[in-house]
Amino acid sequence: MTAILDGLTSLFIFVVGLVVLSLIVLFFIDRYQTNDTVRRNYPVIGRMRHILSELGEFFRQYFFAMDREEMPFNRAQRDWVDDASKAKSTNVAFGSTRNLDPVGTPIFVNCPWPTLERDAVKAPPMRIGEGAARTPYDAPSIFNISGMSYGSLSTPAVRALSSGAAKAGCWMNTGEGGLSPYHLEGGCDIVFQIGTAKYGVRDDDGNLSDEKLREVAAHEKVRMFELKLSQGAKPGKGGILPAAKVNAEIAKIRGIPEGEASISPNRHTDIGSIEELLDMIARIREVTGKPVGFKTVIGAYGWLQNLFEEINKRGPQSAPDFITVDSGDGGTGAAPMPLIDNVGLTLREALPMLVDLRDEAGLKDRIRIVASGKLVTPSEVAWAICAGADFTISARGFMFALGCIQAMKCNKNTCPTGITTHDPSLQRGLDPANKSVRVANFVKQMRKEVGVIAHSVGVTNPRGMKRYHVRLVCADGRSRPLDELYPSATKQVA
């Protein structure tokens, strides 16, 4: 026993000595280096600022930030998704923590005689592609999964989303990374997104391949095709997948070299005008037989007026079957900060604008509007429907449902929750069977609580909500009806 204690004592002294020696070495290294002023002035201790800065990303949300302070999503939003996805009560006590002063806060106009539960109904399915696609799509859900590519997301994350979407009866957008087996295995409805690099449907030269389009469309569960012109976090720049994430499987699915960064062109090289856009939509719809639309972030909007004019010249069958409008504050795993912060209109401004331009052109019944951008709670989804959206979609909301902790490591292949990494040791923590249930719960609770808002304003289902059912807080602190701020448009008759 004495020998063991003596050994442990010697080991302790050795370790302490080694630590002291290391600190002395670091002291002299820091004192005489010239790259870092803080470390030069405060040797050893100065190193702590980098460590604490890194740890701050993880700990500030737990110890320092108030419920509504964090960006891009605050604790109150994340907690609602977390409770909804776990089928826990989403009720809160003691009053709202939301500050109603900021401009743009929606306030729904409750009526004195809300809809009784016995009179409430589910939002009915809505058909997309009527009169144009050989196989139109009766979309059953007002809330769906937005585009997140396989490659950006991990295998277990895509599996969980696919299975969860099937359980909930909503669609799942593939993102621009192509169609993987994991999208299909859950059995959900799929929207295949065609990005600027044509991943998954490109030939050897990177051009769109009709043959590969037919192969994708042959899957019954692929219901629609979406041309991505731009996305919220990086309008004017294509997708960015770091080389560390481009493994053999992802390279094969996308049709690109393994181990090389996957950088998409900043726009479709074969679409440079309204005419070419409509021609491409017609080509894809003819080849696949399924509804085709496009996704865009609105900044300049004169081109939309010209688009609708050209559609009316060609005839309603030439129109895109849907338009997805993304918010300038949308998210992504990797994008330049100037594009994330300062390019593209937010959904609050862009959505009513797009709806009005479509309606003025008399295309309300032909073109469906899909709203995207930070729609993670029932009030945000309900506002979008009031503003004129036919469907809503979310990406980051579903990441929260999968267990995302907003660690901000999406682009580094080191995601601690296994959602955006291809490191097997990190993926192991994400169980698709468990998370698929959370995904389904999130969708079901979202639809239920949007329905609660609809009943409060006096309609039987969310599709009955109009602009006069919601008010927005304005700069003077007073709220105004949305239909006053954005009067609903109708086709102008000459």
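Hi everyone, let's begin inside a sheet: isoleucine 190 has valine 222 in strand S7 as its bridge partner. Before I go on, please keep in mind that this is a predicted model.

That pair belongs to a parallel pairing, in which S6 and S7 are joined by 5 bridges. To get from S6 to S7 the chain passes through H7, and this β-α-β crossover is right-handed.

Lysine 198 is not a glycine, but its phi is positive, near 60°. Is lysine 198 buried or exposed? With a relative accessible area of 2%, lysine 198 is buried.

There is another residue with a positive phi that I'd like to show you: valine 44, at about 70°, again not a glycine. Valine 44 belongs to the loop between helix H2 (37–41) and helix H3 (48–63). At 22% relative accessibility, valine 44 counts as partly exposed.

What lies 2.8 Å from the backbone nitrogen of valine 44? A polar atom of the aspartate 30 side chain does. Aspartate 30 is part of helix H1, residues 2–32, and is buried at 0% relative accessibility. Leaving aside residues up to four places away in sequence, aspartate 30 touches Arg39, Arg40, Pro43, Val44 and Arg47. One of these, arginine 47, forms a salt bridge with aspartate 30, with 2.9 Å between the closest N and O atoms. Because aspartate 30 is in helix H1 and arginine 47 in the loop between H2 and H3, the pair ties together parts 17 residues apart in sequence. Arginine 47, for its part, is partly exposed at 27%.

That brings me to salt bridges in general: how many does the structure hold? The count is 20. Here are a few more for your notes. Glutamate 185 and arginine 159 form one, with closest N and O atoms 2.8 Å apart. Glutamate 185 is in helix H6 and arginine 159 in helix H5, so this pair ties together parts 26 residues apart in sequence. Glutamate 185 is partly exposed at 47%, and arginine 159 is partly exposed at 32%.

Arginine 467 and aspartate 356 also meet in a salt bridge, at 3.0 Å from N to O. Arginine 467 is in the loop between helix H16 (432–456) and S14, aspartate 356 is in helix H12, and this link joins distant parts of the chain, 111 residues apart. Arginine 467 counts as buried at 4%, and aspartate 356 counts as buried at 12%. Then there is a network of salt bridges that links Arg127, Glu130 and Asp138.

S1 and S14 share 3 bridges, and isoleucine 107 stands opposite arginine 471 in S14.

Note on methods. Residues numbered from 1 in each chain as written. Predicted model: local features only at pLDDT ≥ 70, side-chain atom pairs only at ≥ 80, totals over all residues. Heavy atoms only, no water. Helix = DSSP H or I, 4+ residues; strand = E, 2+ residues; numbered from the N terminus. Buried < 20%, exposed > 50% of the residue type's maximum accessible area, 1.4 Å probe, protein only. Polar contact = N/O pair within 3.5 Å; in protein donor to acceptor, adjacent residues only side chain to side chain. Contact = heavy atoms within 4.5 Å. Pairing = 2+ DSSP bridges. Right-handed = clockwise from strand over helix to strand, strands pointing away. Salt bridge = Lys/Arg side-chain N within 4 Å of Asp/Glu carboxyl O.
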